[in-house]
There are 4 protein chains.
Amino acid sequence: MSIRIGVIGCGVMGSDHAELLHRGVAGAQLAAVHDFDAERASVLSRRLGNPRNIESAEALIADRDIDGVLIAASDDTHAGLTLAAIAAGKPAFCEKPLAATLEECRQIMAAEIAGGRRLVHVGFMRRFDPGYHAMRAELQEGLLGRALLLHCIHRNKIAPDYITSDLVIANSAVHEMDIARFLLKEDHAAISVISGPASRYAVARQPQVIILETCGGAVVTVEISPDAVYGYDVQCELVCEDGTVSLVPPHVISRRYDGHDGIAVEEDWRTRFRDAYRLQLQEWIVSIRDGRPSRGASAWDGYQASRTAEAGLAALRTRQRVVIPAEQAPPFYS
Amino acid sequence: MSIRIGVIGCGVMGSDHAELLHRGVAGAQLAAVHDFDAERASVLSRRLGNPRNIESAEALIADRDIDGVLIAASDDTHAGLTLAAIAAGKPAFCEKPLAATLEECRQIMAAEIAGGRRLVHVGFMRRFDPGYHAMRAELQEGLLGRALLLHCIHRNKIAPDYITSDLVIANSAVHEMDIARFLLKEDHAAISVISGPASRYAVARQPQVIILETCGGAVVTVEISPDAVYGYDVQCELVCEDGTVSLVPPHVISRRYDGHDGIAVEEDWRTRFRDAYRLQLQEWIVSIRDGRPSRGASAWDGYQASRTAEAGLAALRTRQRVVIPAEQAPPFYS
Amino acid sequence: MSIRIGVIGCGVMGSDHAELLHRGVAGAQLAAVHDFDAERASVLSRRLGNPRNIESAEALIADRDIDGVLIAASDDTHAGLTLAAIAAGKPAFCEKPLAATLEECRQIMAAEIAGGRRLVHVGFMRRFDPGYHAMRAELQEGLLGRALLLHCIHRNKIAPDYITSDLVIANSAVHEMDIARFLLKEDHAAISVISGPASRYAVARQPQVIILETCGGAVVTVEISPDAVYGYDVQCELVCEDGTVSLVPPHVISRRYDGHDGIAVEEDWRTRFRDAYRLQLQEWIVSIRDGRPSRGASAWDGYQASRTAEAGLAALRTRQRVVIPAEQAPPFYS
Amino acid sequence: MSIRIGVIGCGVMGSDHAELLHRGVAGAQLAAVHDFDAERASVLSRRLGNPRNIESAEALIADRDIDGVLIAASDDTHAGLTLAAIAAGKPAFCEKPLAATLEECRQIMAAEIAGGRRLVHVGFMRRFDPGYHAMRAELQEGLLGRALLLHCIHRNKIAPDYITSDLVIANSAVHEMDIARFLLKEDHAAISVISGPASRYAVARQPQVIILETCGGAVVTVEISPDAVYGYDVQCELVCEDGTVSLVPPHVISRRYDGHDGIAVEEDWRTRFRDAYRLQLQEWIVSIRDGRPSRGASAWDGYQASRTAEAGLAALRTRQRVVIPAEQAPPFYS
């Protein structure tokens, strides 16, 4: 029996998820869609085998023929819809961020704990990227010894005008904050932010260099360049006692042409992390089928990423190193 | 509705295909398995969600609840089972080679043509490898101009003792023969084989250098090294008038360790072409659902690969360049 | 006519320089050597064509048949010997650091200015590395736009026991401080140092992450890993508005062996920067022949590197960002 | 004392050699130049420190103040000038080819043997390329086992109109023939040539695929593309029993720009083999100073390359495999 999924939000991310559920994930059935713009949902439905177009998100969540809910509506709806799914006892895949405030994150965790069952998966897709996955496996195998440093680079081709330095931290850097926790298995203890000079392409933002210090003493350097112009580029090197392991972006061909020999850089995260998105949904579907929590980011992970991002915003404003108080994960999440 | 597949042959390849149908392909259902060793089929069934274990291949093909047949039994059974599937009007995915003789290939094509419907997909998975796929797209886009030369390298880690130079041509080189036709879209007109010296690891075989000349005048060089020892390695460079395009093996991490900086070579074709196998099955399932021929290798393609391989065996024996007579594809296949 | 050079100090660096002057540099003649251990100088002399072994550094500097002096004795002698060369009106190639204190650096500049002629070349050889040289040329060409960020990585295989974190800043990081000024053409305005966890191989030191901010607002990240174990490795990426340019370590072969595909990492800086050392000496010899200042690092450059290193030591101790006061280069040096 | 060299021929190659002797080689003195166009020699002399401009090649060879002769005049003069240098008892560096005919090669060897002293160095500069050098050292170390196959690729950006397929063999492929002997230390036993289709850029030539078989059974594949358009590109992979070693073209930076990530391809052989040319001349100068034969290609090596090239021309014309009769090197050359 296929797992029947309802997708809430039919914008770019929601459409991509819906398409994967329809064509690229085993054991899934795209059973319903919803968007506040009903026509947009309707267009998507016609393109993907005519799943039902349910007119309210609440109705979709409550529907008896829906086994799991994928939340890809606007960021401000995430917390409310996730709480509704928990109340309905249904697995919820929530696009990042989990919530707009730390307080909402805590409410979601409280609801989940009260319900006694882990139902929330936060869409930090990089955890399913084969490269990050292999880096973590390499570290766990132990050949390279203990992790000392991590270098992360995150470059967007060109950011829309409304993106400010604050949003660069909250929307882009948050991916690095989560992946650093995922790779190093240590919470962050402090954060510093050093702003670079504005590129001539930038409007209200600058490249940022972020330094994270983990509870265990490891140091993470992060470059966030919102306007790299040449393309979308994510790099990562994990430096251990006996060696290092680096991400190799997934290029399948190289070209020699017009005096150059090399590879084509990606346009955006959707092509770069195509496999990660597919594998993430596949794991989520299998976890529902098997009745166990997803191996992806939990509500606790989403909360930690948001805590670090909030500290990062303070560090950006004050130009000071900001300490992040230690917080113990509830046993429910460990 | 899922497409219900029966898998005939539960050895290494059959098991891999069955697992993909069960876990990695959207819209498929592993509905039945069969093996001449019923216990082996039974073990596989228990591991993959308990599809029916049908005791004869003929019964599986005839079964009304089976929508498509995947043939991965021993090479000598391919032709007979494929003919049976055609007789039953069912889509057949046949592992390469399509048949043991050219005469059998012709019988299969005749049966398919008589039935009026393309039902056969031959398992040349490389056509679905993202790298080869991108190389072909690059050529089609036209930026690089006309194709002039193609360089192919195919190295196995170490071949089993029973592999002879004849089998190196028939089993390994046949992949290069097919992919060269796929990339260049031209049939082969001549073949030469030059044997290298035996490695100390080889028993009854040697590395082979093969030169293919296409109808259109392009030249293909092929290295087949059955005992490369360091790993499984497939390389390819397409040389065009204005530039070249090369395969980048799909490595997701690189490592700096113990004086070295680089990537880990694959162990065998199953890991190297994991994505190709998955994407191939996905296309086959979609083609059944949509009631159209698969975009993979057809019976005609399988026949052409076998014709070139047979000429290659003659070239190996005689140490002469062997001309391959031109043969026009029936309209049914073009 | 060859330029006759006297080498003071016949340890590792002095011997390497002497050998290059004897065998690898056009227009040079290794005319004399000196070491406080006369026997060591004698051994080197016999190996390299029997230049004179002069028993005091002062006599060597004063000798009428010596056209230039290369100072590679212990660090504490650099300032005194350089001042003696200036007093004798002879070009001096001084291994880095230029002096043990900032005060001595200022004395050297004062003497040089008083003499009215630029005579001092500080041995920051990286400025002659073909890679860094090409990076700078790329920036100057302007295609990539303005420089925003610079990422530097400097890893030693394993440091001797006496190396402390202070020495890691003063001896290793100083190369990055100089090359950042060379590439960006901007002085440093502030420095922060974040210490990583001690590797199990380290005795009294840790990897360091250093953040430099330049007068123009560019940000430089530096990793210094004194105990990288896998080898000696220097990396650099310059991030500009329209693209980035990275150092490619000079490997001439790659190897596929035993499951790996890649290159061999260098053992130490002497092999990694072999070309840089040769090209540096070649430029120095040509500058003497042509009677003009060398294009290498000047006394002013040596002084700036030392100023930043000193601020770095303060940042290491205080764990605070340390501001480096702006200082205008005397017209003599610009 | 510097070794005083006279350069005959002030065209592109002669000028490059002269400049290296003047600026880039230790222990050398550019003492004289000659060109049949005296004005051209005069211009070069003024640019490179005013060595004498000697009006006849014969006078230059005979001059008592010339220690060695570098022959870079037109190909048809090579044999005569080399014989004159041998007669004068002077070391001769002869640009490839050694002579226009095999008969002339034999005369040169006879003269050298009669004189009792090895005086001829043939300018196969690739033997001094750090990459090829390291490949050979790797093979000699033995870790990779016996050599089985060698793949060579030689691409020119665009050939002048007068270059025909014959000249592609004689002028370009001859480098591969020599380097294959150098790497494998085995003479060639047979050669086949397969012509590819003409590129639209070609006038009277085509890319060629050449197969060499060595006395020891190794197989060499060679691609010669005279009109590769995208740049000058030389690749090489040596396949041994336990692994392979490949040339890494000497790029010092890579660039991320405008959707691409990679390196810039060379324009021609002069930049690609800059180090090889320098190191070749350095070895030649040292060999003269030390009174021993140069370690570069000997007259025997030049003769062998020409023998293979001549067989290649026959193979090109006849489209047949051409056997190259074994010939034993005189003891004088081994």
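In this predicted model, helix H4 (residues 78–87) and helix H5 (residues 102–115) of chain A have axes that come within 10 Å and cross at roughly 5°. Angles under 35 degrees count as roughly parallel, and H4(A) and H5(A) are therefore roughly parallel to each other. On the H4(A) side, the residues that meet H5(A) are Ala79(A), Thr82(A), Leu83(A) and Ile86(A). Their counterparts in H5(A) are Glu104(A), Gln107(A), Ile108(A), Ala111(A), Glu112(A) and Gly115(A). Sorted by class, this contact of H4(A) with H5(A) holds five nonpolar, three polar and two charged residues.

From the inside of chain A, the description now passes to its contact with chain B. Here 28 residues of chain A are in contact with 28 residues of chain B. Three elements of chain A give two or more residues each to the side that touches chain B: helix H6 (130–141), strand S12 (243–247) and strand S13 (253–257). The class count for this side of chain A is 15 nonpolar, seven polar and six charged residues.

Strand pairing also runs across the two chains. S12(A) pairs with strand S13 (residues 253–257) of chain B in the antiparallel sense, over five bridges. Within S13(B), Tyr257(B) is the residue that stands opposite Gly243(A).

Chain D is laid on chain C by a turn of 180° and a shift of 0.0 Å along the axis, with an RMSD of 0.0 Å. The two copies are thus related as by a two-fold rotation axis. In chain D, the C-alpha nearest the axis belongs to Ala26(D), at 2.0 Å from it. The same surface serves both of these copies, since 100% of the contact residues of chain D recur in chain C.

Technical notes:
Residues numbered from 1 in each chain as written. Chains lettered and ligands numbered in written order. Predicted model: local features only at pLDDT ≥ 70, side-chain atom pairs only at ≥ 80, totals over all residues. Contact = placed C-beta atoms within 7 Å. Helix = DSSP H or I, 4+ residues; strand = E, 2+ residues; numbered from the N terminus. Nonpolar A, V, L, I, M, F, W, Y, C, P; charged D, E, K, R; others polar. Pairing = 2+ DSSP bridges. Least-squares fit on C-alpha atoms with pLDDT ≥ 70 in both. Axes fitted to C-alpha atoms, helices over the stretch in contact; angles between N-to-C directions. Parallel < 35°, antiparallel > 145°, perpendicular 65-115°, else oblique.
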